[in-house]
Amino acid sequence: MPVLRISVDNGPTHFQVRALRRFAEDVRQRLAGRLRVEVYDSASLYRDRDVLQALNLGRVEMALPGTWVLHSVVPDCGVFMLPAFYGAPARASLAVADGPPGRIIDSRIERNLRVAVLGRWLQLGHANLYLVDHAVRRHEDLAGLRIRVAGGPANELRLAAMGARPLVVPWPDLPHWLQGGNLDGLMTTHETAVSGQLWRYGVSHVFEDHAYFAMYVPLINRAFWERLPEDMRSVLRSAWEDHVDEARAHAAEAQTEAREALRAQGLVFAVPDDAVLRRWRERLRLGERDVVDFVGVDPTLYEIAKTAAWQAEQSPPK
């Protein structure tokens with residue numbers, strides 16, 4: 001019986017892991033006796049920074065790396081971290097991911113990594129800034145602060161443009177860095193901050209600037225995928241599709257609940273208003289062409305994505 005091992009970085013309480021376990025159970029029922037599905041959380045198989053190579057080499061069958069991780073081998077995945085998306089609502093990024101630009105990115109992921117994209121992406125949520133003993137109330141307060149990012153040169157460039165000092169630190173290493181006083185803060189999401197109990201490591205303030213909208217891309221090793229009979233591949237695709245909308249809804253709920261949990265832990269929030277975020281978006285776009293070139297995103301794709309994002313942002317929320 002073939003085995004589908006799914007490797008993820010997050011811990012067992014993270015919504016992503018819970019969604020994967022629901023998907024795995026559904027597949028087990030649909031393919032009873034034909035496929036074994038195993039979910040490995042907490043980087044127990046691979047850290048996300050290593051899982052792309054493991055997927056490519058067939059050492060694991062499935063993973064859900066974030067767009068910020070995929071950017072290292074598929075630069076177009078960095079499009080969501082570019083200036084046009086700064087402070088934008090979730091629907092702007094989802095319109096791009098679910099539309100023609102997303103299918104272009106899928107094809108480039110499949111080509112560069114020797115994988116199959118199983119279906120629509122899962123959302124994580126908006127990334128914000130979480131600070132240790134620093135009350136950041138406006139963008140100018142970020143000057144000189146050492147901020148951890150998971151990856152993505154666009155994130156580093158954006159923070160540097162705001163005067164901060166970005167540092168790439170893997171998630172499993174984060175407690176050591178925070179406790180050692182080597183960081184002033186980090187970029188992540190509310191839900192991830194709660195699942196990691198970041199207040200235990202001194203995080204006390206949140207600057208909720210919606211820096212970019214983070215998403216996970218479901219990838220399966222191509223050789224494994226092509227060995228499966230067509231009917232099994234169809235079951236995997238349909239099972240995934242049947243869970244995407246529910247998983248996205250749970251992700252949004254998890255972020256809302258996590259926001260309240262952070263407040264309950266005493267974290268102090270600063271929330272820049274929409275006008276401030278728009279001004280900073282336009283300020284960041286002054287160097288947009290250089291950023292696009294440096295990050296390596298296809299300029300034509302970026303123009304298409306900007307148009308789709310703008311149209312979605314102008315439409316009323318569903």
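In this predicted model, five strands form an open sheet in the order β2-β1-β3-β10-β4, with mixed pairing. Its edges are β2, residues 36-40, and β4, residues 115-117, each of which pairs on one side only.

Within this sheet, β3 and β10 run antiparallel to each other and are joined over two bridges. Ala-63 has Leu-219 of β10 as its bridge partner. Helix α5, made up of residues 100-113, lies across β4 and β10. The direction of α5 is at about 165° to that of β4.

An open sheet of six strands is also present, ordered β7-β6-β8-β5-β9-β11, and its pairing is mixed. From one strand to the next, the twist averages 30°. Helix α10, spanning residues 230-264, packs on this sheet and touches β5 (122-132), β9 (203-216) and β11. Between the directions of α10 and β5 the angle is about 20°.

Inside the six-stranded sheet, β6 and β8 pair in the parallel sense, again over two bridges. Arg-148 stands opposite Leu-186, a residue of β8.

| Strand | Partner strand | Sense and bridges |
|---|---|---|
| β3 (residues 62-63) | β10 (residues 219-221) | antiparallel, two bridges |
| β6 (residues 146-149) | β8 (residues 185-188) | parallel, two bridges |

Terms used: Residues are numbered from 1 along each chain as its sequence is written. This is a predicted model: local features need pLDDT of at least 70, side-chain atom pairs count only at pLDDT 80 or more; totals for chains, interfaces and linings use all residues. Side-chain values use heavy atoms; hydrogens and water are left out. Two strands pair if DSSP finds at least two bridges between them. Helices (H or I, at least four residues) and strands (E, at least two) are DSSP runs, numbered from the N terminus. Axes are lines fitted to C-alpha atoms, for helices over the stretch in contact, and angles run from 0 to 180 degrees between N-to-C directions. Contact means heavy atoms within 4.5 Å.
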